[in-house]
Amino acid sequence: MASVRTALSTEARRRARGRIEVDGDSPLLLLRCTRDVQELRWLAGGRVEVLRDALDVLRREFTAAGDPVVGLAAALVQQALAGEAAAA
């Protein structure tokens, strides 16, 4: 059974991969992905600790592999985390 943080990390990677395939690899495009960020916040259930755990997983994976998809996924989760912190 997958944990929420694993599911969130997988979903963030899927969304990031879609961004790279559709829009190219410009990190500035992340500023426009508010729907993706809102859906990640919903998936986390508004729990900041779930977003932090998912971000930790993605950071470790990015450090180990350097995969741009994982880097973009970490940025999406970071934006979702900032949104939750601002909402609190």
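Is G71 buried, partly exposed or exposed? At 22% relative accessibility, G71 lands in the partly exposed group, because buried means under 20% relative accessible area, exposed means over 50%, and partly exposed is in between (1.4 Å probe, protein chains only). Keep in mind that this is a predicted model, where local features need pLDDT of at least 70, side-chain atom pairs count only at pLDDT 80 or more, and totals for chains, interfaces and linings use all residues. Residues are numbered from 1 along each chain as its sequence is written, and side-chain values use heavy atoms, with hydrogens and water left out.

**The whole protein**

- You'll find four helices and zero strands here, and reading along the sequence gives α-α-α-α. Helices (H or I, at least four residues) and strands (E, at least two) are DSSP runs, numbered from the N terminus.
- Of the 88 residues in the protein, 34% are buried.
- Take the contacts with a separation of 6 or more: 78% of them link residues 24 or more positions apart. Contact here means heavy atoms within 4.5 Å.
- The accessible surface is about 5300 Å², and carbon and sulfur atoms own 55% of that. Such areas come from the Shrake-Rupley method with a 1.4 Å probe; for residues, only the protein chains shown count as cover.

- G83 counts as buried because its relative accessible area is 19%.
- R41 is 42 residues from G83 in sequence, yet their C-alpha atoms are 8.0 Å apart in space.
- For G71 and E61, 10 residues apart along the chain, the C-alpha separation is 8.7 Å.

**Helix 3 against helix 4**

- The axes of helix 3 (residues 48-65) and helix 4 come within 9 Å and cross at roughly 160°. Axes are lines fitted to C-alpha atoms, for helices over the stretch in contact, and angles run from 0 to 180 degrees between N-to-C directions.
- Residues making the contact include L51, L55 and E61 of helix 3 and G71, V77 and L81 of helix 4.
- By class, this contact has 12 nonpolar, two polar and four charged residues. Ala, Val, Leu, Ile, Met, Phe, Trp, Tyr, Cys and Pro count as nonpolar, Asp, Glu, Lys and Arg as charged, and the others, Gly among them, as polar.
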